[in-house]
Amino acid sequence: MDSLLQDVRILDLTDEKGQFCGRILGDLGAEVIKIEKPSGDEARYLSSVEGNEEVPYPEKSLLWLFCNANKKGITLDVERKDGKQIFEQLVEKADAVIESFPRNHLANVGLGYSHLSKINPRIVMCSITPFGQTGPYKDYEGSDLVCSAMSGWMYLCGDTDRPPVRVSIHQSFFNAGAEAAVGIMVALFYREVSGQGQYIDVAIRDSLIPCSLNAIPFWVTDNTILKRQGSWRTGLSGYARLRYTWPCKEGFISTSLVGGDAGARTNRELTKWMDEEGIADDFLKGIDWSSFDIATTTQDTIDRIEGSLLKLFMKHTKKELVERAAERKILLYPVSTVKDLVDNPQLEARAFWNRVEHPQLGKVVTYPGIPINIFGSSLKIRKCAPLLGKDNEGIYKGRLGLTSKQIALLKENGVI
Amino acid sequence: MQEGALKSLRVADFTWAIAGPWITTTLAAFGATVVRIESTQQVCLLRTTAPFKDRRPGLNRSCYYAFLNSNKFDMSLALKHSKGVELAKKVVAWADVVVESFTPGVMDGFGLGYEELKKIKPDIIMVSASGQGQSGPYAKNPTTGLQLVGLSGFTNLTGWPDRDPVQPFGAYTDFITPRLGVAATIAALLYRNKTKKGVRIDLSQFEAGVYFLGPALLHYFLNNQELSRQGNSSSHMVPHGVYRCKGEDRWIAIEVSSDTEWQSFCEVLGNPEWASDPKFSTVVSRKGHEVELDRLIGAHTLDFIGEELMARLQASGVSCGVVKNSQDVYEESNYNIRLQSLFWMLKHDEIGIVPHLGQVAKLSKTPAEPTLPSPCLGQHTEYVCKEILGISDEEFIGLFNDGVFGLY
């Protein structure tokens, strides 16, 4: 099947803060051209995923590798006069530009939206920055930790007796990239109707605010500030504290008390199991799960039920719990380790893992796939992240009609 | 009011909970006309989710449902009733896109599966967002975002190396999926404009979560290493952590990524003696003494008010930010125009003025804008039937008496 975004051309000037946006659009079939300065993105050389040792691979950054799959790559110094001209020629033939420079950086070198839209009124331009183009923090520095902190989401995560904590892998950049992809798609749709492009401003920090779920409504309408509670949480079906993460014999599982119809089956099955093992007392067996209303149940009752559940979980391995849950359609799932994901039968059955050739490494590497499935088959990673300047010839010669001599001259002068 | 980018788009919304509805709410925010179909018997999970206005539960009193469902028309329909399905099909005939988030098989069970919808409209775009996708051995197992966060691997990667994992707050995958869903839906619309063909889109919330953990999987496959939780530390920045400030549960996050930044950081802190200790002079040596360094910094930042320290550090080029709570974030809208346009204060029919979540992406010509407060259950049933579907008064009364609109 043809790709959904064939004929859509995107120029990608981003660094690690913004590069996931182009990845999504490339996955949907757009031609995304990653533009790097001739010495390459710094991010190519960042150490591998947080918290682990350096590994002896030429292009070390795994975040970079992941976010730049399905993209073409050219080198170009857009701040040089020749480079600027070439970029403008590319903009003439492009549909969107994505960038994540500090605010006004591109405008200061004469490549801001007002200039680019004169060259191509249909161009959609999206800027991704930590705090956006406007507001009191517009010139603040901020990477993942700071954006998580300022969004309100981090405050809600972690143990009560420790500092608030972030997810140990750059979630803010992924959220921002996804919001930017939404913005660009909306703008491209509008363009079909109106013929006009427009400018999109995405703040990485803002993209995490929705992740706080009902924390804002709780403050505004209930005057309650939700707080981190480790393996527990308030603020869902009721006001009581409910447990979400549970240890078992080895490893951890994820489940929580849910009321009404949605939880009745799970609660009945778990009670049955507890009964089989002599853990269920009369109190537990006497609960009518179909009318069980979390919103009005006391904390004492909840703690009592959870106490019994913990006893059950501690008697079984993660595997045993997850298998029986799957059989009986219980709302209970593993707290997956990375290895658990790799071994997960559902992902396997969905052909989720992609095998991607890496010419420079001389091998095929397994990648997690794309969660968008069209007419029964998932979108695929067609190519790995580009080697530096991989598509220079194709774009400069093939598309812009530059001669080999011109290309050599530009290269010598550090423009390409 | 500026023009809605998606104003020509019509959406039949069969979603429930969070992941599905956020797709349609996003489309509606940018101008699409969305008709949401809800059951009075299998009530949307969010309608029973706190906080409730005045702490009184009620199907139309959830401030969280209100937060996430602006700009939509709402129709109640009993899809187990044959006439209910007929009406639903009329909505599909009117629509460009159908979005649903039931367990796979449910739409088929109603007689509203893709093959049936294609008969009504051959070029329909149907988008399904389920927990584990439409296929595979576990497709029909029940899930909610709360378990998917653990299943997808996020929980294991959140927390401290010496402690049990903690679930990142919320049904996190519930927000990952819809952004991807919106992008895919609009891509399908552009495709259809060109080719006149419909598209069937199947989104797995589980897979969407794993997608956002891509680098961790690559670390496993390329380097044969399993990423584990790191607290707040970083492999290439130090100091990098969250430190206590003056006041109750007040913290500041600080990230230092260069020697210059380290100098500035020490200066703003008042050049404490320990800062000039040679063991903290280089990145490598700071990393080697990270635990001690974090302790020293934390003892020092205790003397500062977080917001003041942040302002001074940022002015010196040090990346940092206070750990805001929900009150901080909401009150920021008093002095940050970006958040004013993110929290729409709209008057809900039953619970009065409550916040409604807007859109993060700020578009210059066609920004997201509020048009309707979130609906009460079935608030627009009559409107949708008569004005959108062209049903006569008599027919409407007949359907109502037949119980097609559910039980109230």
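Guide: A residue is buried if its relative accessible area is under 20%, exposed if over 50% and partly exposed in between (1.4 Å probe, protein chains only). Helices (H or I, at least four residues) and strands (E, at least two) are DSSP runs, numbered from the N terminus. This is a predicted model: local features need pLDDT of at least 70, side-chain atom pairs count only at pLDDT 80 or more, and totals for chains, interfaces and linings use all residues. Residues are numbered from 1 along each chain as its sequence is written, chains are lettered from A and ligands numbered from 1 in the order in which they are written, and side-chain values use heavy atoms, leaving out hydrogens and water.

Visitor: Thanks! Which residues of strand S4 of chain A point the other way from A:Ala96 and A:Ile98?

Guide: In a regular strand, side chains alternate between the two faces of the sheet. S4(A) covers residues 96-99, and all of these are buried. Opposite to A:Ala96 and A:Ile98 point A:Val97 and A:Glu99.

Visitor: Which residue of S4(A) is the bridge partner of A:Asp12?

Guide: Strands pair if DSSP finds at least two bridges between them. Strand S1 (residues 9-12) of chain A pairs with S4(A) over three bridges, in the parallel sense. The partner of A:Asp12 is A:Ile98.

Visitor: And which residue in S5(A) is the bridge partner of A:Ala96?

Guide: Strand S5 of chain A spans residues 124-129 and runs parallel to S4(A), with four bridges joining them. Across from A:Ala96, the bridge partner is A:Val124.

Visitor: Which are the edge strands of this sheet?

Guide: The sheet is open, with seven strands in the order S3(A)-S2(A)-S1(A)-S4(A)-S5(A)-S6(A)-S12(B) and mixed pairing. An edge strand here pairs on one side only, and these are strand S3 (72-75) of chain A and S12 of chain B.

Visitor: How much area is buried between chain B and chain A?

Guide: The contact (heavy atoms within 4.5 Å) takes 157 residues from chain A and 151 from chain B. Buried area is the accessible area (1.4 Å probe) that two parts lose on being put together, summed over both. Carbon and sulfur atoms give 65% of the total, which is about 14100 Å².

Visitor: How far apart are the closest N and O atoms in the salt bridge of B:Glu332 and A:Arg205?

Guide: A salt bridge puts a side-chain nitrogen of Lys or Arg within 4 Å of a carboxyl oxygen of Asp or Glu. Twelve are counted between chain B and chain A. For B:Glu332 and A:Arg205, the distance is 2.7 Å.

Visitor: Which residue stands opposite A:Ile372 in S6(B)?

Guide: Strand S14 (residues 372-374) of chain A and strand S6 (residues 199-204) of chain B run antiparallel, joined by three bridges. Opposite A:Ile372 stands B:Leu203.

Visitor: Is B:Thr366 buried or exposed?

Guide: B:Thr366 lies in the loop between strand S12 (362-363) and helix H16 (381-388) of chain B. Not counting residues up to four places away in sequence, B:Thr366 touches A:Tyr190, A:Gln198, B:Glu3, B:Ala5 and B:Phe30. Because its relative accessible area is 0%, B:Thr366 is buried.

Visitor: How many of the ten residues of helix H9 of chain B are buried?

Guide: The buried residues of H9(B), among them B:Leu217 and B:Tyr220, pack against several elements, including helix H13 (338-343) of chain A and helix H8 (205-211) of chain B. Helix H9 (residues 214-223) is largely enclosed by the rest of the structure, because the number of its residues that are buried is nine.
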